[in-house]
Amino acid sequence: MSTPPTRPEGTAAPMGAGRFAINQLGPGHFALAGVLDENAVLDSLLAGAVGGQLKLDLGAVSFINSLGVRQWIRLLGSATAQNLAVELISVSEPLVQQLNMIVAARGSARITSFFAPYACDHCGAEQSMFIDVAAAHATIAAGAAPPQTCPECGQGMEFNDFPQRYFLF
């Protein structure tokens, strides 16, 4: 008999969720991946800023709990205190949800791209789609979701949330 998978200690992360990792992609540019919780050490990111800039790729953050939100808010607060400009790119859906619910989780960071939930009525596919803020600014400002094409069947997809709520940040 095999042993069932366990949750990472101290989190309510979904079964099978992995640990947290930070990878440097370039000078002042880091990718965060996995579960953002009380075990995630984010302070080291500040030392990696270059020229007062810190770029964080958040596309692979799969889960964040309340203690992870606390860690995240502390990171952004420290970045502000150090006059660092923080750019968030490829923000994952779990983080977008937190940025929308908790104003302090946004801090003074600038979001340049994010993922959003879409569904295809034609083939039933559900996909987290990449959205570039600059390219979609007018659509989002008008309270609508940017159009997306289904990667499975090529038909138009429908936004799978409420634009007025999802695009608050």
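A residue is taken as buried when its relative accessible area is under 20%, as exposed when that value is over 50%, and as partly exposed in between. In the predicted model examined here, buried residues make up 42% of the 169 residues in the protein chain. The protein chain contains 5 helices and 9 strands, and these elements, read along the sequence, follow the pattern β-β-α-β-α-β-α-β-β-β-α-β-β-α. Among the contacts in the protein chain with a separation of 6 or more, 57% are accounted for by residues 24 or more positions apart.

The nonpolar interior may be considered next. In soluble globular proteins, nonpolar side chains tend to be buried together. In this model the largest nonpolar core has 42 residues, and Leu-32, Leu-56, Trp-72 and Phe-114 are those with the most contacts inside it. The surroundings of Trp-72 can be set out in detail: when neighbours within four places in sequence are left aside, Trp-72 is in contact with Leu-32, Leu-36, Leu-42, Leu-56, Leu-58, Leu-88, Leu-99 and Ala-105. Two of these partners, Leu-32 and Leu-56, are themselves named with Trp-72 among the core residues that have the most contacts.

The count of salt bridges comes to 2. In one of them, the side chains of Glu-87 and Arg-110 meet at a distance of 3.7 Å, N to O. Because Glu-87 lies in strand β4 (residues 85-89) and Arg-110 in strand β5 (residues 110-111), this pair ties together parts that are 23 residues apart in sequence. Glu-87 has a relative accessibility of 17% and therefore counts as buried, the cut-off for that class being under 20%. The other salt bridge joins the side chains of Arg-165 and Asp-161, with a distance of 2.5 Å, N to O. Arg-165 is partly exposed, with a relative accessible area of 46%, and Asp-161 is likewise partly exposed, with a relative accessible area of 21%.

By class, the lining of the largest pocket comprises 8 nonpolar, 1 polar and 2 charged residues.

Two residues other than glycine are noted for a positive phi. Ser-90, with phi near 50 degrees, lies in the loop between β4 and α3 (93-101), and at 13% relative accessibility Ser-90 counts as buried. Asn-83, which is not a glycine, has a positive phi of about 55 degrees and lies in the loop between α2 (66-81) and β4. In contrast to the buried Ser-90, Asn-83 is exposed, with a relative accessible area of 67%.

Ile-102 is found in the loop between α3 and β5 and is partly exposed, with a relative accessible area of 29%. The C-alpha atoms of Ile-102 and Phe-169, which are 67 residues apart along the chain, are separated by 9.9 Å, while the contacts of Ile-102, leaving aside neighbours within four places in sequence, are with Val-69 and Ile-73. Gln-155 lies in the loop between β8 (148-149) and β9 (156-159) and is partly exposed, with a relative accessible area of 38%. The C-alpha atoms of Gln-155 and His-122, 33 residues apart along the chain, are separated by 6.9 Å. Apart from neighbours within four places in sequence, Gln-155 is in contact with Cys-120, His-122, Gln-148, Thr-149 and Cys-150.

Technical notes. Residues are numbered from 1 along each chain as its sequence is written. This is a predicted model: local features need pLDDT of at least 70, side-chain atom pairs count only at pLDDT 80 or more; totals for chains, interfaces and linings use all residues. Side-chain values use heavy atoms; hydrogens and water are left out. A salt bridge is a side-chain nitrogen of Lys or Arg within 4 Å of a carboxyl oxygen of Asp or Glu. Helices (H or I, at least four residues) and strands (E, at least two) are DSSP runs, numbered from the N terminus. Buried means under 20% relative accessible area, exposed over 50%, partly exposed in between (1.4 Å probe, protein chains only). A nonpolar core is a set of buried Ala, Val, Leu, Ile, Met, Phe, Trp, Tyr and Cys residues joined through side-chain atoms within 4.5 Å. Contact means heavy atoms within 4.5 Å. Ala, Val, Leu, Ile, Met, Phe, Trp, Tyr, Cys and Pro count as nonpolar, Asp, Glu, Lys and Arg as charged, and the others, Gly among them, as polar.
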